[in-house]
Every structure is written in C-alpha cells, then in structure tokens.
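Reader: I am new to this structure and would like to learn how to read it. Could you walk me through a few features, one at a time?

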Amino acid sequence: MINNINIINKIPLYIQKQIIKLLCNHINYNYKILEILGDPLLYRKNEKLNKELILSLALVNKDWFKTLSDNIRVSVDFNFKLNNDDNGDNGDHSGNIEKYSIIKKENIKWLKLHYSHEDNCFYNKIGVDTKLPIDNKLILKNIEILSTKHSLKKLLIRNIELYGNYTIDTILILLKIKNDIKKTTTIDNNNNNNNNNNNNNNNNENDNENNNELSKLEIFKNLNVLELLINNKITLNILEEYGKYIKKVFGLNLYYCRDIEILLKALQMYCKSMVHIYIVGLIESFPLVSILSGDISKENANDDNNNNNNNNNNNNNNNNNNNNNNNNNNNNNNNNNKKGINYLKDIKFISILRSDTSFKDIFTLLSPNNTPKLRQFSLNFCFFKLFYYLSSEEEKVKYSITTKCNCNNLCSSSYNQINHDEFKSNWNQIKELLKKKENLTTLEFIHDHFSILTPKLESFPPSFTNEVVSILSCIKNLERLSTSYFLSPDLFSKIIESKKSILHFESVLPQYTSNDPYIDSINSICKSNPHIKTFKIYQGNNLIFNYQNENNN
C-alpha cells in the first residue's frame with residue numbers, strides 16, 4: 001500500500017486528475033446503460049463494480065475525491081442525499097452530509113431510475129431480491145430540484161417486468177406520477193382556498209401557478225426508457241402522445257401486434273435507439289418479421305390490406321372487379337420491387353414467445369444482412385414436431401412418436417406440408433446461418449408449445465439429441481445457453497462435452513417434475529467440467545439449483 005502511494009506521488013497531479021476524469025467517463029457510461037442483454041444479474045454486478053470503483057478512488061486522497069466528485073454526472077436511484085423537506089434544505093446537518101458525499105446533486109446531468117411494472121413502483125435494489133420502493137412525491141420533488149436549480153438534463157428509466165402487465169397499456173410512468181401529484185396539490189390548494197375564503201380568481205391563480213411549476217419540468221420531455229409495450233390497445237394518438245415525452249426507447253415489446261400502421265409508426269419513432277425486440281404472438285397471417293426486416297415495404301404492407309378489402313367488395317360488383325384487379329396488378333408490379341426499411345440492422349437482442357415461428361421467419365432473423373449485430377436470440381421450437389421430423393423410424397416406434405404435432409411452429413399444419421427431407425434441408429439452413437453469427441453469444445433453446453412435455457420423454461431420442469448438439473456447435477462464440485424442458489441430463493452432458501465455449505447454463509423444468517435425480521445429475525456434470533461458471537435450474541419461476549464455480553469467476 002505504501003509503495004502504491006509513493007508511485008502515485010511521483011505522477012504529476014494534473015496527470016492524476018486526467019486519469020480520474022477518464023475513469024469518470026467510464027463510470028458515467030456504465031451507469032447510463034439500460035439494455036437487458038445476457039444474464040440480468042450481470043447488469044447489477046456491473047453496477048456493483050461501478051460503486052466499488054468509485055469508493056476505492058475516492059479514498060485515495062482529497063484531490064482524487066474532489067476530481068471524482070466533480071466529474072460523476074450520473075445518479076442511479078438518487079444515490080445522494082434525498083430532500084424530504086419542502087425547500088430542499090435541511091440545515092447545517094444536511095450541508096455536512098452533502099459535503100462528504102461523493103456524488104453531488106449540482107453535478108448530475110443524468111438520472112437513472114428503476115421501475116417495476118410488477119410492483120408498480122420505483123425502487124432501490126437491496127441485496128439480490130429485495131426492492132425498496134421510493135415514494136413518488138419524493139421522486140418528483142427531487143427531479144424538480146435537480147432540473148430547475150441544478151443541471152439535470154435527462155431521465156433514464158429502466159422499466160422491468162413489462163411482461164407481467166399485458167392487460168394494461170404502457171404507461172408514461174413519470175407523467176402518471178406528475179398528474180397524481182398535480183391532483184393532490186390542486187386538492188390541497190382548494191382546501192386552503194376554502195379555509196381562507198378566497199374567490200374564484202384566487203383559485204385560478206393557484207391552478208395556473210401549479211401548471212406553470214409543472215411546465216418548467218422540461219426534463220419530462222426527454223425521457224429514455226428501456227421498453228415500450230405495443231399491443232392492441234395502443235392507438236396512433238397514444239403513440240403520438242408518447243412521442244412528446246419519450247425520446248428514446250431501447251426495446252419494443254410487440255405483444256400480439258396486428259396493426260401495420262401502429263407497428264410502422266412505433267418503429268419509425270424509435271428505430272434509432274432500439275437494440276431489443278421482444279415478440280409475443282407471432283402468427284403466419286401477419287407478416288411481422290418481413291416488416292421488421294424491410295422485405296415488405298409500407299406500400300406493400302398496406303396493399304395487402306387493401307387487396308383483401310377489394311376482394312370483399314369485388315364480390316358485389318363484377319365490372320369494378322376487373323378494373324380493381326388490373327389496378328392491383330399494376331400496383332403490385334411496381335411495389336414488389338420496393339424494399340422497406342430494415343429495422344433489425346442495429347438490433348442486438350431478439351426474443352420470441354408463444355408464436356408460430358416459421359422457417360422463413362428464422363431465416364430472415366438470422367440473415368447476416370438483416371441482423372449483423374445480433375448478440376442474443378431465441379430458437380423456440382415445438383419439440384414434439386422436432387421429435388417427429390428429426391427422429392429415425394426406429395426411434396419413432398421406441399419413443400411412441402406416432403404423428404407430428406398439428407401446431408404451426410416451423411411449418412404450417414393446414415397447408416404447404418413438407419416431408420422429412422425438406423424439413424431437414426431447412427434445419428440445415430439454420431445451421432449454416434448460425435455459423436455466420438460471430439457476435440451471437442447467448443441463445444434461448446425453448447420448447448414453445450401449448451402442450452408440455454410429459455415425463456415419459458425424459459430420455460430424448462438420440463437423433464434429436466445429436467441435432468441439438470449439432471446446431472449449438474455451429475455458434476462459434478456461444479457463452480450462455482437458456483433452455484426449457486431439457487428433461488434429460490444426458491443432453492446437457494453431450495452439449496458440454498462438444499461445446500466448451502458455453503460457460504453459463506439455465507434450465508427451466510415443468511412444475512410436476514421430480515427434481516432430485518435431475519439436480520444430482522446436473523451437479524455431478526458441473527463438478528466434472530470445471531470450465532462451467534454457472535448453472536441455474538428453475539421450476540417455473542422458482543430457482544431450485546444455483547451452481548457457481550467459485551474458482552472460475
């Protein structure tokens with residue numbers, strides 16, 4: 001320690017300060033990150049490392065402390081002293097505390113807040129699982145102080161667990177708080193006015209004063225949020241209202257999105273900041289993936305709808321039918337050559353659930369031209385269909401695989417039937433595309449179907465196992481694998497044996513599964529493969545096994 005201090009003392013002070021400023025840039029950058037890539041716990045781990053770095057630098061000497069304090073521009077969940085009083089001044093005691101605070105509110109330009117849709121509150125994270133709610137009035141009061149009396153310019157909101165609130169519209173979180181407090185303030189003022197027997201003019205003056213105070217908070221018109229929900233309740237008017245306040249969205253949550261105009265409007269508004277797309281309810285009849293990739297232009301997408309309407313009208317008028325058909329053919333010839341905007345080019349994370357994902361959709365999403373920056377992807381299949389098409393005839397008899405599943409996953413059950421050779425050819429094309437995804441480090445391989453796998457399939461057909469291992473081996477830099485219904489520990493054993501680059505595993509099991517033998521087998525596999533860093537097993541949402549290699553962090 002003494003030697004380190006001597007070395008520091010030999011470096012000129014102005015150079016020391018420049019080094020601290022560079023480190024502050026690193027701290028500010030990491031504090032501003034909102035995206036949700038890889039293990040969610042890694043986000044909090046990085047946040048903890050940031051805090052430890054700040055503390056270790058601040059304790060070196062007084063000059064380092066001051067330089068650090070002057071150059072940290074980001075506050076996370078108000079990690080400085082909050083003001084609970086009306087005037088933002090708690091006297092000498094408050095001043096003394098603030099004097100020794102590393103993060104000074106007068107230097108804050110960005111404020112990042114965490115919001116849980118599940119708990120309907122802003123919160124501080126305490127430990128691994130505990131969320132400590134932050135009072136809404138306290139939030140608004142301090143935002144007002146930071147933006148009107150200091151230098152706060154931008155709000156960053158990491159809103160999580162949006163998937164738990166599909167039944168409600170996406171909310172403008174801080175505007176909701178602002179309106180709630182405005183109502184409360186108005187009620188309080190009206191009560192005061194009644195007590196003081198003020199006239200209507202005084203009431204209007206008070207209301208105008210409240211509106212003027214709130215209108216000063218231009219900070220509300222420069223919001224950055226992690227995710228925005230686009231569902232069947234979102235209208236163009238709602239989107240335009242969002243646009244007045246939300247300037248950047250890092251992820252769109254497309255929940256059973258079926259409206260082309262709404263989808264294109266949301267993409268146009270936020271494509272420059274988007275890195276994450278979460279799709280729920282993809283269906284064959286709505287070309288969502290083709291719109292995202294630009295394979296279908298806005299004109300073509302609208303023509304599809306217009307053609308459907310024309311076809312209905314044509315049944316009532318034969319003369320118009322011929323004219324409409326001619327016009328439609330001319331329009332189609334012109335529009336078929338038009339490409340739309342590729343909204344996937346900057347996307348790093350794509351997740352798809354509860355969807356009829358086709359081979360064509362997967363080809364589009366994995367195309368190097370469409371998703372050159374893709375780092376995390378979900379391959380969600382109906383395992384019943386994979387068992388049927390990827391198993392040998394002998395295996396079908398042994399494992400009682402008599403018929404293929406009638407769902408529309410990968411290939412439609414109603415038309416465009418494909419044989420085993422065609423299916424295998426498409427499967428091999430996925431492998432070839434995965435070989436080209438050098439940035440892909442995280443993969444979800446999930447059984448996505450309305451029927452769950454039964455315990456009799458705990459031992460998977462060998463051909464299915466070999467194909468799973470083969471497709472994972474195609475991903476050159478794969479580090480994380482999340483799975484569901486991988487009921488056979490032997491499957492993990494073969495994956496680990498053939499793909500040493502995978503360091504982190506997650507497995508989700510059905511609720512009824514007997515866990516002890518499965519966990520014992522996985523634990524043994526982990527201990528026999530020291531390169532594995534983590535292996536987590538969930539039963540439903542409950543974490544029931546958490547392996548961490550303490551010697552390999």
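Reader: Which residues in α20 are buried?

Author: A residue is called buried under 20% relative accessible area, exposed over 50%, and partly exposed in between, using a 1.4 Å probe and protein chains only. In α20, the buried ones are Tyr-518, Ile-519, Ile-522, Ile-525 and Cys-526. They cover an arc of only 125° around the axis, so they sit on the same side of α20; the arc is taken from the directions from the helix axis to the C-beta atoms. An α-helix has 3.6 residues a turn, so residues three or four places apart point the same way. On the other side of α20, Asp-516, Pro-517, Asp-520, Lys-527 and Ser-528 are exposed.

A word on the source: this is a predicted model, where local features need pLDDT of at least 70 and side-chain atom pairs count only at pLDDT 80 or more, while totals for chains, interfaces and linings use all residues. Residues are numbered from 1 along each chain as its sequence is written, and side-chain values use heavy atoms, with hydrogens and water left out.

Reader: What do the buried residues of α20 pack against?

Author: Contact means heavy atoms within 4.5 Å. Helices (H or I, at least four residues) and strands (E, at least two) are DSSP runs, numbered from the N terminus. The partners here are α19 (489-498), β13 (504-509), β14 (534-539) and β15 (542-548).

Reader: How many residues does the largest nonpolar core have?

Author: A nonpolar core is a set of buried Ala, Val, Leu, Ile, Met, Phe, Trp, Tyr and Cys residues joined through side-chain atoms within 4.5 Å. The largest one has 119 residues, and Leu-68, Ile-230, Leu-254, Phe-445 and Ile-495 have the most contacts inside it. Helix α10 (residues 260-270) gives the most to this core, with 7 residues. A second, separate core of 8 residues includes Cys-121, Ile-160, Leu-226 and Phe-250.

Reader: How many disulfides does the structure hold?

Author: A disulfide is a pair of cysteine sulfur atoms within 2.5 Å. The structure holds 0 of them. As for individual cysteines, Cys-121 is buried with a relative accessible area of 12%, and Cys-526 is buried at 0%.

Reader: Is Ser-378 buried or exposed?

Author: Ser-378 is buried, with a relative accessible area of 4%, and lies in strand β10 (residues 376-381). Not counting residues up to four places away in sequence, Ser-378 touches Ile-350, Ser-351, Ile-352 and Glu-444. A polar atom of the Ser-378 side chain lies 2.8 Å from the backbone nitrogen of Ile-352.

Note on methods: A polar contact is a pair of N or O atoms within 3.5 Å; within protein, one must be able to donate a hydrogen and the other to accept it, and residues adjacent in sequence count only if both atoms are side-chain atoms.
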